[in-house]
Amino acid sequence: MTAPAVPAATSPGTASRAKAWATRAPLLPALIFMIVVTQLPFVATLVISLFDWNALYPDDRSFNGLGNFSTVLSDSALRSSVTTTVLLTASVVLISLVLGLAIALLLDRKFRGRGLVRTMMITPFLLVPVAAALMWKHVLYNPEYGLLNGMLVWLGDLLGFTPPQPDWISEMPLPAVALSLIWQWTPFMTLILLAGLQSRPLEQYEAARLDGADNWQIFRHLTLPHLRRYLELGALLGSIYIVQNFDAVFTITRGGLGTANLPYAIYEEFYQAQDYGVASAAGVLVVIGSLIIAMFALRVVSSLFREEGSRA
């Protein structure tokens, strides 16, 4: 009579691999979905960027290599859009950081109704970008019934002078776009910096006050060094999003008056000039720039987690 077979013992390595796959398997559908939705379109864009492809001349499609990238870097209009993108991003990020830091310092203090004020402060960031841009264009900037000119009239009546009634969008187009973005992104910076303020070690502040340090010295030598990583994180994340901003430029100025940034220039190349190759090349450059910024942002986030872990 044949003895029953004894199952072979499972090795520890095989068991650990099986456990790892059992843990990761539920995530595979989401991973496949993300690859299909994000990576495949980017690969298609990368392929199209290598072709001379204009929808107005469908029979003249041909392989162009890196020629479209050379066109993007040499075309004066596209170079101007790159300059506009850099100016818009730098101004919005820097001013939003300064205002966010000031507001975070105020909201870090204890006062009655602080929770309500904090909720109201983040409201601009929760608005749909197109709705926020439309509000600034029609409610605030309109030269005939806008709130800004209405306030100037009120001040003129109060102080006895004839106030100017500027056309804000026509006379200062890029600052008008930047101001709407600053209003929307300052709450984002405030949230990041407020989280940093609430994680600071209070015992160091008590020791500094016992040693006779004033508020400015405490802010300069304790608060700012502690917030450095949070400032970097806010600047990097804000830069990633504002570099790709399209809504404010399209809604407020339609890319005119020198406000066309790189996303709007890509829109014009793709939908108006129908030059798919050049538009795809410009889009690839934007993605590469965003990935470089994101890489630094991830490094800052990982360093923040390490610092919090070592402090815990």
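Visitor: How many residues apart are Glu 232 and Arg 229 in helix H12?

Guide: Three residues apart, about one turn of the helix. This is a predicted model, where local features need pLDDT of at least 70, side-chain atom pairs count only at pLDDT 80 or more, and totals for chains, interfaces and linings use all residues. Residues are numbered from 1 along each chain as its sequence is written, and side-chain values use heavy atoms, leaving out hydrogens and water. Helices are DSSP runs of H or I with at least four residues, numbered from the N terminus.

Visitor: What makes Glu 232 and Arg 229 a salt bridge?

Guide: The rule asks for a side-chain nitrogen of Lys or Arg within 4 Å of a carboxyl oxygen of Asp or Glu. Their N to O distance is 3.6 Å, so the pair qualifies. Glu 232 also forms a salt bridge with Arg 228, at 2.9 Å, and Arg 228, Arg 229 and Glu 232 are linked in a network.

Visitor: Which parts does the salt bridge of Arg 200 and Asp 108 tie together?

Guide: That salt bridge has an N to O distance of 2.3 Å. Arg 200 is in the loop between H10 and H11 and Asp 108 in the loop between H4 and H5, so parts 92 residues apart in sequence are tied together. Both Arg 200 and Asp 108 are buried.

Notes:
Helix = DSSP H or I, 4+ residues; strand = E, 2+ residues; numbered from the N terminus. Buried < 20%, exposed > 50% of the residue type's maximum accessible area, 1.4 Å probe, protein only.
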